[in-house]
Amino acid sequence: MMNHIGRYLTASGVKPIVSYQHIFKTTYLYGSYSPINGDSFVWEINGVNTTIFEAYLKGFSQYKPKEYKIVVIDNAGFHSTKNIEVPDNIYLLRIPPYNPELNPCEQVWQYIKNRFKNQRFETMHDLKEWLKQTVNHMQMQTIKSITGNHHYLNAFYTAFKN
């Protein structure tokens, strides 16, 4: 719930006033976003670990179960694939370390964080409602625009052109 201060455009010499709070409470988003059609699947949950990640993958596999899904993962500790069951319709694509620009979700998280700046929430419920509204009202076209990395799009269209 700690707010993040961002820049404001103001008249020259006018200092913007932003209310600030220093409370450390967290919630987490797990999400998968398609650069192909803008579809999304998101969970808001109070933690990150391999058990939750495995449950997320199971839930995601049941969303449009006939689809084959490629999930881009980075080197986050909870992305460890040791001793977890990956559903048959999901492939985990690990990207090299320190390359967040290759992870479509990181682009969406940055989009959300930019809208989070200078916001102040009285309660955790208020923050969760804001997240829910922000995530649920993202247009498919916006998601495609944010996540549309040319490397993935070229690979997809090349693979399915034949």
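The model is a predicted one, and the protein in it has 5 helices and 4 strands, which run from the N terminus in the order β-β-α-β-β-α-α-α-α. Of its 162 residues, 34% count as buried, and among contacts between residues at least 6 apart in sequence, 51% join residues at least 24 apart.

**Helix α2**

- Helix α2 covers residues 104-116, and its 13 residues reach 19 Å from the first C-alpha to the last, which is close to the 18 Å expected at 1.5 Å a residue.
- The residues of α2 that count as buried are P104, C105, V108, W109, I112 and F116; seen down the axis of the helix, these residues fall within an arc of 135°, so they line one face of α2.
- At the start of the helix, the backbone nitrogen of C105 has a side-chain oxygen of N103 within 3.0 Å, while the residue N118, which follows α2, has a positive phi, near 65°.

**Nonpolar cores**

- The largest nonpolar core has 14 residues, and those with the most contacts inside it are Y33, V108, W109, I112, L127 and W130; the elements that give two or more residues to this core are α2 and α3.
- Another core, of 12 residues, lies apart from the largest one and has Y30, Y56, I84 and L92 among its members.
- W109, which belongs to the largest core, is in contact with L29, Y30, G31 and Y33 when its neighbours within four places in sequence are left aside.
- As general background, nonpolar side chains tend to be buried together in soluble globular proteins.

**Salt bridges**

- A search of the whole structure finds 3 salt bridges, and the pairs are described one by one below.
- In one of them the side chains of D39 and K64 meet at 2.7 Å, taken from N to O; D39 lies in the loop between β1 (28-33) and β2 (40-45) and K64 in the loop between α1 (50-62) and β3, so the pair ties together parts that are 25 residues apart in sequence.
- Within this pair, D39 is buried, with a relative accessible area of 11%, whereas K64 is partly exposed, with a relative accessible area of 37%.
- Another salt bridge is formed by K128 and E44, whose closest N and O atoms are 3.6 Å apart; the pair links distant parts of the chain, since K128 is in helix α3 (residues 124-136) and E44 is in strand β2, 84 residues apart.
- Both partners here are classed as partly exposed, K128 with a relative accessible area of 24% and E44 with a relative accessible area of 35%.
- A further salt bridge joins K69 and E67, the closest N and O atoms being 3.8 Å apart; K69 is buried, with a relative accessible area of 4%, and E67 counts as partly exposed at 33% relative accessibility.

- Leaving aside its neighbours within four places in sequence, P87 is in contact with L57, K58 and S61; the C-alpha atoms of P87 and G59, which are 28 residues apart along the chain, are separated by 9.6 Å.
- S61, one of the contact partners of P87, has its place in helix α1 and counts as buried at 10% relative accessibility.
- A polar atom of the side chain of S61 lies 2.8 Å from the backbone oxygen of K58, and K58 is itself among the residues in contact with P87.
- Beyond its neighbours within four places in sequence, S61 is in contact with K69, P87, N89 and I90; of these, K69 is the residue that forms the salt bridge with E67.

Terms used. Residues numbered from 1 in each chain as written. Predicted model: local features only at pLDDT ≥ 70, side-chain atom pairs only at ≥ 80, totals over all residues. Heavy atoms only, no water. Expected span 1.5 Å × (residues − 1). Buried < 20%, exposed > 50% of the residue type's maximum accessible area, 1.4 Å probe, protein only. Arc of directions from axis to C-beta. Polar contact = N/O pair within 3.5 Å; in protein donor to acceptor, adjacent residues only side chain to side chain. Contact = heavy atoms within 4.5 Å. Salt bridge = Lys/Arg side-chain N within 4 Å of Asp/Glu carboxyl O. Core = buried A, V, L, I, M, F, W, Y, C linked by side-chain atoms within 4.5 Å.
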